[in-house]
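This report concerns one protein model and is meant to be read beside its sequence and coordinates.

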Amino acid sequence: MEDIRTARVVIVGAGLGALYAALKLAPRPVLMISPEVLGQGASSAWAQGGVAAAMDPADTAEAHARDTLLAGAGTVDPAVARLVTEEARAHILDLTRLGTPFDRRPDGGYVLSREAAHSFARVVRVRGDQAGAEIMRALVAQVRETPSVQVLEGVLATGLRVESGRIAGVEVALSGPQGSAPVLIRAPAVLLAGGGSGGLYALTTNPPRIRGQVIGMAARAGAVIADAEFVQFHPTAIDCGEDPAPLATEALRGEGAHLMNRLGERFMPALHPDAELAPRDVVARAIYAQSQAGLRPALDTRQALGARIRTEFPAVAGACARAGIDPARAQIPVAAAAHYHMGGVAVDSDGRASLPGLWVCGEASSTGLHGANRLASNGLLEALVYARRCALSIEAALGPAADAAPVLLPDLPPGPVPDPALVARLRRAMTEGAGVLRDAQGLTRCLREIAAIEAAQPDCPALLNMTATATLIAAAALMRRESRGAHCRTDFPQTAPQGRRSRLRLSEALALRDSLTTETT
C-alpha cells in the first residue's frame, strides 16, 4: 500500500461536526475526507428539527440538562449534560455570525419550537424544517473560503492504521462505483466525524452512505465502543416506499399534529401523558405496534397546520408531493425508522478516543450525552460542542501549526466494493433481529447472519466496517438483559434499578458472535 505523509490534521467526514471542527482548527492545515461533494450525503443536512438551546430568557441550561437526563433513561452522564447545555447558546450565536438564517421574531428573538420530552420550547429552527440544510450551507461556504482547509471529495476512509499503540493515519479509497485500491495518509492526528449507523437498517431516515462505517473502522482498530445497543428509531418517517425514508419532523407534533390509525383513533393519549410529545422511544414503539397490527398509523396535520405546511415545512411537503399526498387534505402515513445511533466510539470530555491520536465527534461518538434515548434536537448540538472541544484538544496536543502542502492522491486501480446484495441482506437482518423490539432468539439469529455475510466477502474493508458495527449493536443488545430507552427486550421487559453504560471492544463482540455460530455447527 502506498504511503502519503502530511502535516495536516485529517478529518474523516463532511457533516456538521467535520465542517465546524475544520473552521475551529483554522489556520492549522486540515484535510477533510468527503465521499460526496462537500455538503452532500451527510445526515446533518437532512436534520429537520433544529438545534436545542435555552435561548428564551425564561428557559435555563439547567432545565435543558434536566430534560436530557430524564429522556436518557438513567444512562446520561450528568456532567456531560451540564457541559453541553451550558455551551449551547454560544454555538447558536456563533452559527448566526457564520451566516445561518435562523427564524427570527419581529423583535429579533429566535423562533423556538417545542419537541418531544422538552419541558420548554427551545429548538432553534430555520424555515420550519430546513435547519440542517441551512446550517450546512452556511458552514460549507465558510470552509470553501478558508485557505487552511483542503477537501478531498469522492474519497472514502476505509481503515485506521495503528502503529506502536497509536493512530498513525487513515487508509482511503475512491468512493465511486468501481472503488479503488487503498492508500495510506499518515497524519499527526485523526478526527472521525463521519456519521452514525441508521443505514444498517432496511427502513432508515439516514443518507445512503451512513451505514456505521466510521464506528466500525475505529472498532476494527481496537477502540472502545460505548452504548452500541442504543439505536433511536424516529416514530414518524414517511411511509411511502422511498429509501431512505423521508422524515416528518417532530416539530409538526409540536405544532399540534396528531397521530391517528386507520380506524380514526388517536392512540397516543392512552399511552403517555404527553401524548404525541412523549419521548421518542415511547412513540416509536406505539407506531411500530400499530403497524404490526395492520392499523396503518398516520400523522394528521390538517387541523394543526392546514395549507401552512407547504410554506412552513417545505421538506415534509415536498416529500409528500413526491408520494402523491397533499398533507393539507390527507393524513401522512408514517412508520418507525432507524434514525440516530446514541452509541459510538467512547470519548472523553475533549472528544479523545481510547486510542492515542484519535478524536471523534458527532454521531460516530458516544459522549454520554444521549444515554438510552436521545432528547430531540440534541444531536446537532452535541456535534457543535464536541467539534470545538476536539479542535481545542488537537491544538493542545500538537502544539504550533506547521505549513503543509496539499495532499495529492496517486492514480489508483479499482478495488473491492461492498456487494449490494450483501448490504441489503445485512439491512434486513438488522431490522428483523435488532430493530424496535428485540429478544435473545432474534439477536442470536442476527449475529449468525452477520457472520455469514462477512464470510461471503471477507476482502472488502467497507463491508467489514459495516458488519463490525452491526456486530457491536447486536452483541451489546444481547448482553443488556433489560429494557431501557430505545433498547426494548420483549424477553426482558423490566428496567434494572441502576442504569449503566455499556463498553465493548470488537474482539469481545466477535467472541460472543463466534460462540453463537459454533453452537449451530
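## Basis of the model

The model is predicted: local features need pLDDT of at least 70, side-chain atom pairs count only at pLDDT 80 or more, and totals for chains, interfaces and linings use all residues. Residues are numbered from 1 along each chain as its sequence is written, and side-chain values use heavy atoms, leaving out hydrogens and water.

## Packing of H1 and H5

Helices (DSSP runs of H or I, at least four residues) and strands (E, at least two) are numbered from the N terminus. The axes of H1 (residues 16-25) and H5 (residues 131-144) come within 10 Å and cross at roughly 35°. Axes are lines fitted to C-alpha atoms, for helices over the stretch in contact, with angles running from 0 to 180 degrees between N-to-C directions.

In this contact (heavy atoms within 4.5 Å), H1 contributes Leu16, Leu19, Tyr20 and Leu23, while H5 contributes Ile135, Met136, Leu139, Val140, Gln142 and Val143. The contact has 9 nonpolar, 1 polar and no charged residues; Ala, Val, Leu, Ile, Met, Phe, Trp, Tyr, Cys and Pro count as nonpolar, Asp, Glu, Lys and Arg as charged, and the others, Gly among them, as polar.

## Second largest pocket

The second largest pocket holds about 590 Å³ of space. Among its 29 lining residues, Leu156, Val417, Pro418, Ala462 and Met466 are the closest to the centre. The lining divides into 17 nonpolar, 7 polar and 5 charged residues.

On a 1 Å grid over the protein atoms alone, a pocket is an open set with protein on both sides within 12 Å along at least five of seven lines, a cavity is a set of points where a 1.4 Å probe fits but cannot get out, and lining residues have an atom within 4 Å of a point. Grid points are joined across faces, edges and corners, and a volume is the space filled by probe spheres set on the points.

## Largest cavity

The structure holds 1 cavity of 30 Å³ or more, and the largest cavity has a volume of about 50 Å³. H8 gives the most to its lining, with 3 residues.

Ala286 lies in helix H8 (residues 280-292) and is buried, with a relative accessible area of 7%; buried means under 20%, exposed over 50% and partly exposed in between (1.4 Å probe, protein chains only). Ala286 and Ala336 are 50 residues apart in sequence and 9.0 Å apart in space, C-alpha to C-alpha.

Thr249, in the loop between S13 (231-238) and H7 (251-254), counts as buried because its relative accessibility is 2%.
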